[in-house]
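Me: I would like to go through some helix packing with you. Here is the model.

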Amino acid sequence: MTFNATDHLHMAHALRLAERGLYTTQPNPRVGCVIAHGDEVVGSGWHQRAGEPHAEVFALREAGERAQGATAYVTLEPCAHHGRTPPCADALVAAGVARVVIAAEDPFPQVAGRGIEKLRAAGIVVGTGLLRDEARELNVGFFSRIERGRPFVRLKLAMSLDGRTALANGESKWITGEAARADVQRWRARSSAILTGSGTVLADNPRLTVRPGEGFSLSPPGRGWGEGAALAESYRAGRRVVAPLRVVLDRRLRTPAGSHVLDGSTPTLFLHGAGAAATDERLNRVEHAVVAERDGALDLAAVLALLAARDVNELHVEAGARLGGALLAGGLVDELLLYVAPVLLGDRARPLLELPPLASMAERWRLAVVEQRQVGADWRLRLRPLPA
């Protein structure tokens, strides 16, 4: 199917609508829908929360009888099965739309082309692939979980200009400024889970929660809603942001009783080795799961598989140089979220990552810059590993 400028305009609108669910749809994908007659939009909507109506239902409600003979623009293939809600493909057929334009096909086994087949069987003209890359990027974690069996792993790091993360004595608060720290909260909020290791818990005693009330400096909406604006809109509309699962890798269950990760403020999962036993009552109050070990450490691939089985789409990692380096060296990092502060800490300060030594420059770790942006006095880089 050939798409014209009007098709592109409406699908871009649907994607902006889908962004409004950035923080609220877990574990479902973020989806938007626009129903139009030519240039005129007669209905629009987005999926707001798991278990509630999908984007197509909201758009059809707004369009009413005007959906008859219209074109529906949907950022993800309409569902064709009965889950928590009825099939959206059936709703589009019943409404009498003449044409459906879909950005990305749904890889979920219970959909996976069945929605498209159902629409075409009803005589509806279906086109796919319009702004597919943008639609997949918006749901990069959902596609990763379904297609690869593991979450999309985003490793957050903060460093000085000379690549250091803390002084030699471990002091690291604060390398970056307040604006950067507030920005991190948005990345936490969009994630299904936030992961760290026991070493970071012992050294820094982090909370690993989303704190939207602490100094948010919202990004301007720009061409889309943007990360900050979507979060603000979620709060204004009274929709509770879905709290990410807090995950701690603690092979020997050595987390001390006074740690913030044991405060019960948010759902928490401890992953440990088979022989570990909790020695403190508070550790027994949080959820535990055994993970296979490899070379004296938890098997990180097994960790990701376990989290995928728990419907984790995007995994936000805030950890030390050892765990971060192990994830990157194991080919398990999909994106680095790197904050760079205009300061110098010296050659005795702690390094960014612990990585295997390289024999030649040909073996160097190559990264693609996805985005670079100034955040307060610091810079935020989004980087993705390139194939070896």
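Me: At what angle do α3 and α4 pack?
Reply: Helix α3 (residues 88–95) and helix α4 (residues 114–121) pack at about 20°, and their axes are 9 Å apart. Axes are lines fitted to C-alpha atoms, for helices over the stretch in contact, with angles from 0 to 180 degrees between N-to-C directions. Helices are DSSP runs (H or I, at least four residues), numbered from the N terminus. The model is predicted: local features need pLDDT of at least 70, side-chain atom pairs count only at pLDDT 80 or more, and totals for chains, interfaces and linings use all residues. Residues are numbered from 1 along each chain as its sequence is written, and side-chain values use heavy atoms, leaving out hydrogens and water.

Me: And which residues make that contact?
Reply: From α3, Ala89, Asp90, Leu92 and Val93 take part, and from α4, Gly115, Lys118 and Leu119; contact means heavy atoms within 4.5 Å.

Me: Is the α3 crossing of α4 left-handed or right-handed?
Reply: α3 passes α4 in a right-handed crossing, where the near helix is turned clockwise from the far one by less than a right angle.

Me: Switching to α2, how do α2 and α3 cross?
Reply: The axes of helix α2 (residues 55–63) and α3 come within 9 Å, crossing at roughly 20°. α2 is therefore roughly parallel to α3, a term for angles under 35 degrees.

Me: Which residues are involved there?
Reply: Glu56, Val57 and Leu60 of α2 meet Cys88, Ala91, Leu92 and Ala95 of α3.

Notes: Helices (H or I, at least four residues) and strands (E, at least two) are DSSP runs, numbered from the N terminus. Angles under 35 degrees count as roughly parallel, over 145 as roughly antiparallel, 65 to 115 as roughly perpendicular and the rest as oblique.
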